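Student: Let us go through this model by question and answer. Please keep it brisk.

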Amino acid sequence: MSYTDKKLNILELGKFYWPSKGGMETLLQLFCKGFTDMGHEVECVVSNEKPKKIIEKIEGVPVRREAQFSKLLSTSICPEYINACRRAKADIWHHHFPNPLADVACLLGDKKTPLILSYHSDIIRQAAFMKIYSHVMNRVLDRSQKIVVATPFHFTYSQWLQPYEDKVVVIPYGINLNQLEKKKSDGPAIEELREQAQAPIFLNVGRLVGYKGQKVFIQALKETNGTAWIVGQGPLEKELRELAKSENLEDRVIFWGGVSEDKLRHLIHACDVFVFPSITPNEAFGLVQVEAMACSKPVIATNLQSGVPYVNKDRVTGLNVAPNNSSELSEAMEKLGNDSNLRAEYGRNAKERAFNEFETGVMLRRYIKLMYDLL
């Protein structure tokens, strides 16, 4: 029996687990379910969002939600989290950073157990906190055998990872792309959506918060033809609606709010171009770009100092423009909106790139190989 036939015991350390929503929660569920389906033993430790411990099995994955008693700087105060990790019998630990609670667990756990740290992003919002936390973070980076980033840019633009270049491995995020394939029954719904909108149709999906750049998206629409569809909810909804009204764009900016998975699939297939106008590196990757690419949609994204422009290859799968620049965004929207042949070319390239680089199975196999290599 080769060493790669060995069943692994993997401890996954996350913040929260499904049905909690968010990019990291989605990825954590994909890892846990994916590794389990591959025949490995997985235990997942997360914080509950209530002061109550819950131990349950979700899709075959044992999930421990340890009681959360409070929060400090977005971090759960959850004492049993650390003890649960220390008691776990695992061949390897997989920590999703940033998560200070998991950092402490890793530093207090068995140092002989290999640790893979998935470095999702630098900590940006709590910059003042970093004066204290950086000491803990550096110890965890020292403790890790491998540090995985989703794109080379995550390493290039990180102020914290430069001393650890010899540990850094690039493994892009992957998601289940097959669920986005257009079904035969989708045709009438997609056609109806297109008939209701003035072409070309530009789609944006994301929380309605400042760094997502929907304000720039609406401003860019002033200078070009077409319709902007905005999917998502958040604190800026009222402000964005007022902006659309003040610019006399009420008829061309449609707010869909939160939608079902089926509705989202219909909207992606019905649009002509997917627009991802985020304006700060808080946007570290943008999984929703990949979803649009898997549906053969060209993407307009921004040249952030993050993984966003790595996902969308400029002039191959779409166009990348300067962040927070409505003029450049408008020019890109007009260029793709008026050229169906270019949209088709970029769309074909986008789908190929999505399935070759950003599909769940590809990501999982790369991680498992890394784990076997460490062991």
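Student: Which residue in E12 does Asn204 stand opposite?
Tutor: This is a predicted model: local features need pLDDT of at least 70, side-chain atom pairs pLDDT 80 or more, while totals for chains, interfaces and linings use all residues. Numbering starts from 1 along each chain as its sequence is written, and side-chain values use heavy atoms, without hydrogens and water. Strand E11 (residues 201-205) runs parallel to strand E12 (residues 227-231), joined by 5 bridges. Opposite Asn204 stands Ile230.

Student: Is Thr302 buried or exposed?
Tutor: Thr302 sits in strand E15 (residues 299-302). Buried means under 20% relative accessible area, exposed over 50%, partly exposed in between (1.4 Å probe, protein chains only). Thr302 has 3% relative accessibility, so it counts as buried.

Student: Why is H7 roughly parallel to H8?
Tutor: Axes are lines fitted to C-alpha atoms, for helices over the stretch in contact, and angles run from 0 to 180 degrees between N-to-C directions. Angles under 35 degrees count as roughly parallel, over 145 as roughly antiparallel, 65 to 115 as roughly perpendicular and the rest as oblique. Helix H7 (residues 214-221) and helix H8 (residues 237-246) have axes 10 Å apart, at an angle of about 10 degrees. That angle makes the pair roughly parallel.

Methods
Helices (H or I, at least four residues) and strands (E, at least two) are DSSP runs, numbered from the N terminus. Two strands pair if DSSP finds at least two bridges between them.
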